[in-house]
Amino acid sequence: MPGNIMALQPSEKHCWVCFATEQDDPGAEWLSPCRCRGSTKWVHLTCLQYWLDTRLRVSQQPIRCQLCEVAYSVIFPQMGPLVDFLRVVDRTLTAIGPYGTLGLLVGTAYWTALSYGAVTVVQVMGRANGMMAIRGARPVLLLSGLPAIPVLLILGKTVRWNDCVLKLWQKCCYEPKLPSDNQQYLPPIPVDEPRGKRQFLTSRMLCGALMFPSIAVLTGQLLFPSVTSHLQRALLGGSAYVLLKGVLKVYFTKQLFIMHAGRRILNYGDVQRAERHRDGSGN
Ligand SMILES: [Zn+2]
Ligand SMILES: [Zn+2]
């Protein structure tokens with residue numbers, strides 16, 4: 001076939017991959033695989049194959065000529081039905097791979113959440129009552145309700161009622177009777193966690209949310225030992241814990257705010273003088 005094309009094309013052949021001419025390599029096989037005209041339509045068979053292989057490493061799309069954009073017709077030899085079947089299997093597996101992994105991950109998360117929910121029910125309601133509740137409930141309710149327990153715990157943790165209380169305090173009760181003379185400047189409510197540690201904060205929130213049932217049960221046993229019902233005791237313990245922690249947190253943040261609002265920035269001369277004084281008294 002290259003011989004026929006050579007007869008139609010009087011101008012000298014020029015490989016657009018390696019830039020060699022017919023004289024450079026008289027024995028080479030030439031192709032004109034696209035709609036391009038003139039001497040630039042020619043390419044060595046081996047050069048084009050090498051070029052196709054490098055392109056195929058980046059993209060699985062049909063490869064086109066970069067100038068005329070005609071797709072190269074590449075024909076593979078027939079390898080028999082077994083190879084065809086194996087290719088279909090291979091492609092299908094590659095295609096469903098990501099979905100399979102995703103499904104597996106979702107499934108694992110679901111069963112973990114379900115187990116966590118069941119453990120929590122038993123923990124909060126007491127062993128006998130918890131087991132009875134799980135056995136008595138409808139399967140649909142169990143399969144949807146138990147995994148919802150950790151989800152609700154985590155969602156509950158995102159309700160930041162402390163911040164609302166603090167904002168309310170700042171709005172209504174905060175009088176700038178602070179050491180600072182600059183009364184016009186109201187600093188923002190500080191966060192006690194340093195910035196740039198978001199992952200750490202998220203893991204702290206997750207831990208807090210998932211450990212909450214255990215903490216509620218423990219607090220209940222500590223503060224309300226006279227309550228006989230497991231569930232009531234856990235609910236009381238949980239509420240007491242949330243309230244106590246909230247009050248402490250509001251107090252802490254409020255104090256941080258007052259500390260922040262009362263800060264002073266020293267003049268450099270004063271700093272130097274203080275250092276000299278300290279050195280002098282130290283010696
Ligand atoms: Zn070439
Ligand atoms: Zn072309």
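Predicted model: local features only at pLDDT ≥ 70, side-chain atom pairs only at ≥ 80, totals over all residues.
User: What share of the residues of the protein chain count as buried?
Analyst: A residue is buried if 20 or more other C-beta atoms lie within 10 Å of its own. The protein chain has 283 residues. The share of them that count as buried is 9%.

User: What share of the contacts with a separation of 6 or more joins residues 24 or more positions apart?
Analyst: The contacts considered are those in the protein chain with a separation of 6 or more. Among these, residues 24 or more positions apart account for 63%.

User: Does the span of α3 agree or disagree with its number of residues?
Analyst: α3 has 45 residues, and at 1.5 Å a residue these should span 66 Å. The end C-alpha atoms of α3 are 62 Å apart. The two values are taken to agree.

User: Where in α3 does a kink lie?
Analyst: The kink in α3 is about 45 degrees. It comes shortly before the proline P98. The residue at the kink is G97.

User: Which residues in α3 are buried?
Analyst: α3 is hardly covered, with a count of four buried residues among its 45 residues. An α-helix has 3.6 residues a turn, so residues three or four places apart point the same way. The buried residues in α3 are G117, T120, V121 and V124.

User: How many nonpolar residues does the contact of α3 with α5 have?
Analyst: On the side of α3, the residues in this contact are Y110, A113, L114, Y116, G117, A118 and T120. They meet L146, P147, I149, P150 and V151 in α5. By class, the contact has no charged residues and two polar ones, and its nonpolar residues number 10.

User: Is F19 buried or exposed?
Analyst: F19 lies in the loop between α1 (2–8) and β1 (30–31). Most residues other than glycine have a negative phi. F19 has a positive phi of about 65 degrees although it is not a glycine. Because 9 other C-beta atoms lie within 10 Å, F19 is exposed.

User: What is the phi of E69?
Analyst: E69 is in the loop between α2 (45–58) and α3 (81–125). With 9 other C-beta atoms within 10 Å, E69 is exposed. E69 is a residue other than glycine, yet its phi is positive, near 65 degrees.

User: How far apart in space are W51 and V17, C-alpha to C-alpha?
Analyst: W51 is found in helix α2 and counts as partly exposed because it has 18 C-beta neighbours inside 10 Å. In sequence, W51 and V17 are 34 residues apart. In space, their C-alpha to C-alpha distance is 7.7 Å.

Terms used: Residues numbered from 1 in each chain as written. Chains lettered and ligands numbered in written order. Helix = DSSP H or I, 4+ residues; strand = E, 2+ residues; numbered from the N terminus. Buried ≥ 20, exposed ≤ 12 C-beta atoms within 10 Å, placed from the backbone. Contact = placed C-beta atoms within 7 Å. Nonpolar A, V, L, I, M, F, W, Y, C, P; charged D, E, K, R; others polar. Expected span 1.5 Å × (residues − 1). Bend = angle between axes of the 7 residues up to and from the residue.
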